[in-house]
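This briefing summarises the computed features of one protein model. Please read it alongside the sequence and coordinates displayed below.

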Amino acid sequence: SGYAAFARALKGRRGISTLVVRGRGDVEEQVARDIVEASGGAARLAPTCEGLSELLALIAQARLFVGGDSGPLHMATAVGTSAIQLIGPTDPVENEPRGKSAYRQLRVDVPCSPCRRGCAAATCMSLLPHEWIVDAACELLDESRVEARPRRAIETSAPQWVAVS
């Protein structure tokens, strides 16, 4: 998985662990577990959130959020967590984060994107190299170090982490 490769590369380059955030469905749970397993110890499951307020609190503690154009990504930028928006079938202008945090939009220019509906092949997402995501993450982490705001650690054994949705 691209997220697992991202987690391994970020752990290798920066020593930062990745927390995988997921929804409540069985499919999302399995996808998250598969990412964690494929990460070789670079990622782990985020605590289960019982509602949006818990998810928001969790995301607010992350140094960085990486994900597709989703509600959690927009929540991250709204609370000041830097974010990397992975753009596939959605329009990068219409869906640009409007929060107060730094962000990067990453997309591969394919003729069918933005289609606004997605497809089974998901070419626009599958062609996005995890190296681009790691490079953008390192940029944003370096920027956030300069403007670091105090954060409480969710777990004292892992105060630095990146949330991935």
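A disulfide is a pair of cysteine sulfur atoms within 2.5 Å. By that criterion, a search of the whole structure, which is a predicted model, returns zero disulfides. The protein chain has 165 residues, of which 41% count as buried, and its secondary structure comprises six helices and six strands.

**Overall architecture**

- From the N terminus on, the elements of the protein chain follow the order α-β-α-β-α-β-α-β-β-α-α-β.
- Of the contacts in the protein chain between residues at least 6 apart in sequence, 58% join residues at least 24 apart.

**Cysteines**

- The sulfur of Cys115 has its closest cysteine sulfur in Cys112, at 6.1 Å, which is too far for a bond.
- Cys119 likewise takes part in no disulfide, the nearest cysteine sulfur, that of Cys112, being 6.0 Å away.
- Cys115 is partly exposed, with a relative accessible area of 21%.

**Salt bridges**

- Side chains of opposite charge can pair when their charged atoms come close.
- A search of the whole structure identifies eight salt bridges.
- One of them joins Arg24 to Glu50, with the closest N and O atoms 2.6 Å apart.
- This pair links distant parts of the chain, 26 residues apart: Arg24 belongs to the loop between strand S1 (17–20) and helix H2 (26–38), and Glu50 to the loop between strand S2 (43–45) and helix H3 (52–61).
- Both partners are exposed: Arg24 has a relative accessible area of 61%, and Glu50 has one of 52%.
- Arg33 forms a salt bridge with Glu29, the closest N and O atoms lying 2.8 Å apart.
- Arg33 and Glu29 are both located in helix H2, where a separation of four residues corresponds to about one turn of the helix.
- Arg33 is partly exposed, at a relative accessible area of 43%, and a network of salt bridges links Arg22, Glu29 and Arg33.
- A further salt bridge brings together the side chains of Arg107 and Asp109, with an N to O distance of 3.9 Å.
- In this pair, Arg107 is partly exposed, with a relative accessible area of 27%, whereas Asp109 counts as exposed at 65% relative accessibility.

**Helix H1**

- Helix H1 covers residues 2–14, and at 1.5 Å a residue its 13 residues should span 18 Å; the end C-alpha atoms are 18 Å apart, which agrees.
- The buried residues in H1 include Ala4, Ala5, Phe6, Ala7 and Leu10.

- Helix H4 (residues 71–78) contains the buried residues Pro72, Leu73, Met75, Ala76 and Thr77.
- The cover over the buried residues of H4 includes H3, strand S3 (64–68), strand S4 (82–86) and strand S5 (103–106).
- Gly80 follows H4 and has a positive phi, near 95 degrees.

**Ala83 in strand S4**

- Ala83 lies in strand S4 and is buried, its relative accessible area being 1%.
- Not counting residues up to four places away in sequence, Ala83 touches Leu64, Phe65, Leu73, Thr77, Ala102, Tyr103, Arg104 and Leu140.
- Two of these contacts, Leu73 and Thr77, are among the buried residues of H4.
- Ala83 and Gly67 are 16 residues apart along the chain, and their C-alpha atoms are separated by 7.9 Å.

**Largest pocket**

- Rolling a probe the size of a water molecule over the atoms shows where empty space is left.
- The largest pocket has a volume of about 440 Å³.
- Its lining consists of 22 residues, and those nearest the centre of the pocket are Val21, Arg22, Gly23, Arg24 and Glu28.
- H2 gives the most to the lining of the largest pocket, contributing six residues.
- Among the residues nearest the pocket centre, Arg24 also forms the salt bridge with Glu50, and Arg22 belongs to the network with Glu29 and Arg33.

Definitions and conventions. Residues are numbered from 1 along each chain as its sequence is written. This is a predicted model: local features need pLDDT of at least 70, side-chain atom pairs count only at pLDDT 80 or more; totals for chains, interfaces and linings use all residues. Side-chain values use heavy atoms; hydrogens and water are left out. A salt bridge is a side-chain nitrogen of Lys or Arg within 4 Å of a carboxyl oxygen of Asp or Glu. Helices (H or I, at least four residues) and strands (E, at least two) are DSSP runs, numbered from the N terminus. Buried means under 20% relative accessible area, exposed over 50%, partly exposed in between (1.4 Å probe, protein chains only). Contact means heavy atoms within 4.5 Å. The expected span of a helix is 1.5 Å times one less than its number of residues. On a 1 Å grid over the protein atoms alone, a cavity is a set of points where a 1.4 Å probe fits but cannot get out, and a pocket is an open set with protein on both sides within 12 Å along at least five of seven lines; lining residues have an atom within 4 Å of a point. Grid points are joined across faces, edges and corners, and a volume is the space filled by probe spheres set on the points.
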